[in-house]
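Please examine the sequence and the coordinates shown here before reading on. The explanation is intended to be followed with the structure in view.

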Amino acid sequence: MPEDTNRSWTLASRPNGAPKLTDFELKESPIPTPGAGEILIATRYHSLDPYMRGRMNPPTPAAYTAPVPVGGVMESDSVGEVIASNSDLFNVGDIAMGKIGWQEYGVLDGRDARKIDPDAAPISTSVGILGMPGLTAYFGLFDVGNPIAGDTVVVSAASGAVGAVVGQLAKINGCRVIGVAGSDEKVSYVVDELGFDAGVNYKTENVAERFQALCPDGINVYWDNVGGPITDAAVDHLAIGGRAVICGQIALYNATSPPQGPRNIARMLLTRRARMEGFLVFQFSDRFQEGLDRLAMWIRDGSLKYREDVVDGIENSPTAFIGLLNGANFGKLVVKVS
Ligand SMILES: NC(=O)c1ccc[n+]([C@@H]2O[C@H](COP(=O)([O-])OP(=O)(O)OC[C@H]3O[C@@H](n4cnc5c(N)ncnc54)[C@H](OP(=O)(O)O)[C@@H]3O)[C@@H](O)[C@H]2O)c1
């Protein structure tokens, strides 16, 4: 491959159900040239996140932003080294992150990139705990979930990028935290290493029975990363005044027909005088610096831990992404590009 080639993963076709490797195509093109005010970044890490599954769909009323066009580069936050700069905001050699996508090189307007201090934390964290997933946990928990010390907080997809942070922030806030995850290893991790009070393996245990046993006074805050049967069971166990924070619905992202389920939600919200609220992290964008500062402080003082699942090589991005939708990742999934 010539040295001036950029490899990019593009959307070859819109999946029907679970994505397949053939829905992605690796294309080669010349390394782009930055224009006025722009910077050229050589990607070190690109993020893989569940929302990217939605970007592969045709436009739907449930989408909150435009999909990736067929033939377009798959979207992601990425972080790398500035190798050319026409921006007053960046010098060559700086580390920058932004929406570069699943590719080796990207051009951004300097105003759309965030400068990363490589001495403050590993740069991969800028797309993880010190990036969109960490901010999602911070604002969703504190601004939407409103946890109070002593509350029982249940977190689904508890070992993942968002869930692991939510549970630890709830512990910092004095709550009792139960994590739901898809393997004994993940459950042990959130309990033994992250300090959650208990865990439920939803693949081997009866989730409703476990919620009943672990939360006899009900769930005060349910963090919903998943939808589906786990959420049905959690809503059934909401405490009076409980809050269900709707962050994601990963169990439904590959669905080919509208989800069916127990229609208990409105009745439970009524009788428990409970609240269910969805949010998107971007609604808090004017306060991102506050979230980043506080997350960094907790990492520094040791009260917030993180785990990354690093996949080596951009050629492996589609396989890793398909795995993310099936629980193959263990921690924040990132691809090491160079
Ligand atoms: N609202 C927002 O602004 C916002 C921002 C970021 C992320 N999100 C959402 O937050 C959720 C978590 O994202 P993340 O980046 O932290 O991903 P992640 O937890 O690191 O990875 C996804 C995990 O979801 C679990 N999962 C997959 N299929 C499942 C199913 N059918 N039932 C239950 N669990 C399932 C798997 O873990 P197990 O092995 O435990 O099953 C998998 O590892 C996603 O729904 C995402 O879309 C929302």
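The paragraphs below proceed from the overall fold to domains, ligand shell, cores, helices and individual loop residues.

The structure is a predicted model, in which local features need pLDDT of at least 70 and side-chain atom pairs count only at pLDDT 80 or more, while totals for chains, interfaces and linings use all residues. Residues are numbered from 1 along each chain as its sequence is written.

The protein contains nine helices and 15 strands; helices (H or I, at least four residues) and strands (E, at least two) are DSSP runs, numbered from the N terminus. The radius of gyration of the protein is 20 Å, close to the 20 Å that the globule rule gives for 338 residues, so the protein is as compact as a globular protein of that length. This radius is taken over C-alpha atoms, and the globule rule is 2.2 Å times the number of residues to the power 0.38. The C-alpha trace spans about 60 × 45 × 35 Å along its principal axes. Of the 338 residues, 45% count as buried. A residue is buried if 20 or more other C-beta atoms lie within 10 Å of its own, exposed if 12 or fewer, and partly exposed in between, with C-beta atoms placed from the backbone. Among contacts between residues at least 6 apart in sequence, 65% join residues at least 24 apart; two residues are in contact if their C-beta atoms, placed from the backbone, lie within 7 Å.

The protein is divided into domain 1 (5–128 + 307–336) and domain 2 (132–281), with bounds that come from an automatic or database domain assignment. The C-alpha centres of domain 1 and domain 2 lie 28 Å apart. Across the boundary, 15 residues of domain 1 are in contact with 14 residues of domain 2. The side of domain 1 that touches domain 2 has five nonpolar, six polar and four charged residues. In this classification Ala, Val, Leu, Ile, Met, Phe, Trp, Tyr, Cys and Pro count as nonpolar, Asp, Glu, Lys and Arg as charged, and the others, Gly among them, as polar.

The ligand draws on both domains: domain 1 and domain 2 each give at least three residues to the shell around the ligand. This shell has 30 residues, the closest being Gly160, Gly182, Gly248, Ala251 and Gly327; a residue is near a molecule if its C-beta atom, placed from the backbone, lies within 6 Å of it. By class, the shell holds 16 nonpolar, 12 polar and two charged residues. Helices α2 and α6 (228–236) each supply at least two residues of the shell.

Attention now turns to the interior. A nonpolar core is a set of buried Ala, Val, Leu, Ile, Met, Phe, Trp, Tyr and Cys residues joined through C-beta atoms within 7 Å. The largest nonpolar core has 57 residues, of which Val154, Val166, Val180, Tyr222, Trp223 and Ala234 touch the most other members. Helix α2 (residues 132–145) gives the most to this core, with seven residues. Apart from this core lies another, of 33 residues, among them Met52, Trp102, Phe321 and Val334.

Helix α2 is mostly covered, with 12 of its 14 residues buried, and is followed by asparagine 146, whose phi is positive, near 45 degrees. In helix α3 (residues 163–172), eight of the 10 residues are buried, so this helix is largely enclosed by the rest of the structure. The cover over the buried residues of α3 includes α2, β8 (152–155), β9 (176–181), α4 (184–193) and β11 (219–224). Glycine 174, with a positive phi near 85 degrees, follows α3.

Several loop residues complete the account. Alanine 157 is found in the loop between β8 and α3; its phi is near 45 degrees, a positive value in a residue other than glycine. Alanine 157 is buried, with 27 other C-beta atoms within 10 Å. Arginine 273, in the loop between α7 and β13, has a positive phi of about 50 degrees although it is not a glycine. Arginine 273 is exposed, with 11 other C-beta atoms within 10 Å. Arginine 272 lies in the loop between α7 (265–271) and β13 (275–278) and counts as partly exposed, with 18 C-beta neighbours inside 10 Å.
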